[in-house]
Amino acid sequence: MEFLGDSILSAVIVETLYLIYPSESEGKLSQLKAQIVSASNLSIWAKEINLGDYIFLGKSEDVSEARNRESLLCDVFEAVVGAVYLDGGFEHAKKFILKFLDAQKEIIITDYKSRLQELAQSVYKELPEYKIIKEFGPDHNKKFEVAVYVKRRLFGKGTGSSKKEAQQSAAEQAMKNIK
């Protein structure tokens, strides 16, 4: 269901962005889409409808912390989108998704990895390199610490519930350090 919902969500967002911003570049539209379908954004949407209250978890995981975990809420939101699609078709799923998108006041592009990559390429003529420093926490709630280097020089460190989230956090720190 999550896989199906992810695809339906992407299709709705891509179509909507294409219609709203017909003259925008593919790169800009991709950044907007990535921000909208990001785990952090989808988990916010999930919290708006208290989705965490309806998740069945094992006894070892059944704590409020697990119910509010960004990655879990994102996955469950995508599964709900898949269920809405199967139950009512594409138009119902689109209507469900657009309620959240329309209520969102502003889309702020926080794709720090892309911004750091552009900066590193233009200034240093090299791509940033991300390295996992450590993994910690139980398997069901693993955390990652990542460092980002440019020309073997440490630019930032970050942590997150996924490798991708930790990389974004490291890139954000690197951008702050550069400024």
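Visitor: What order do the strands of the open sheet have, and is the pairing parallel or antiparallel?

Guide: The three strands of the open sheet follow the order β1-β2-β3 with antiparallel pairing, where two strands pair if DSSP finds at least two bridges between them. Strands here are DSSP runs of E with at least two residues, helices are runs of H or I with at least four residues, and both are numbered from the N terminus.

Visitor: Which strands stand at the edges?

Guide: Those are β1 (129-136) and β3 (153-160), each having a single partner strand, so one side of each is left without a neighbour in the sheet. From one strand to the next, the twist averages 20 degrees, with axes taken as lines fitted to C-alpha atoms, for helices over the stretch in contact, and angles running from 0 to 180 degrees between N-to-C directions.

Visitor: Before going on, what sort of model is this?

Guide: This is a predicted model, in which local features need pLDDT of at least 70 and side-chain atom pairs count only at pLDDT 80 or more, while totals for chains, interfaces and linings use all residues. Residues are numbered from 1 along each chain as its sequence is written, and side-chain values use heavy atoms, with hydrogens and water left out.

Visitor: Back to the sheet: how many bridges join β2 to β3?

Guide: Seven bridges join β2 (residues 143-150) to β3, and the two run antiparallel; valine 148 stands opposite glycine 156 in β3.

Visitor: And which strands does helix α7 lie across?

Guide: Helix α7 (residues 112-124) lies across β1, β2 and β3 at about 20 degrees to β2, and helix α8 (residues 163-178) also lies across β1, β2 and β3, running at about 135 degrees to β3.

Visitor: New topic: which residues of the largest nonpolar core touch the most other members?

Guide: Of its 26 residues, these are Leu9, Ile13, Trp45, Phe77 and Ile97, a nonpolar core being a set of buried Ala, Val, Leu, Ile, Met, Phe, Trp, Tyr and Cys residues joined through side-chain atoms within 4.5 Å. At least two residues of this core come from each of α1, α2, α3, α5 and α6, whereas a second, separate core of 13 residues includes Leu116, Val146, Phe155 and Ala166.

Visitor: Is asparagine 41 buried or exposed?

Guide: Asparagine 41, in helix α3 (residues 39-48), is buried because its relative accessible area is 7%, with buried meaning under 20%, exposed over 50% and partly exposed in between (1.4 Å probe, protein chains only). Not counting residues up to four places away in sequence, asparagine 41 touches Gln35, Ile36 and Gln104, contact meaning heavy atoms within 4.5 Å.
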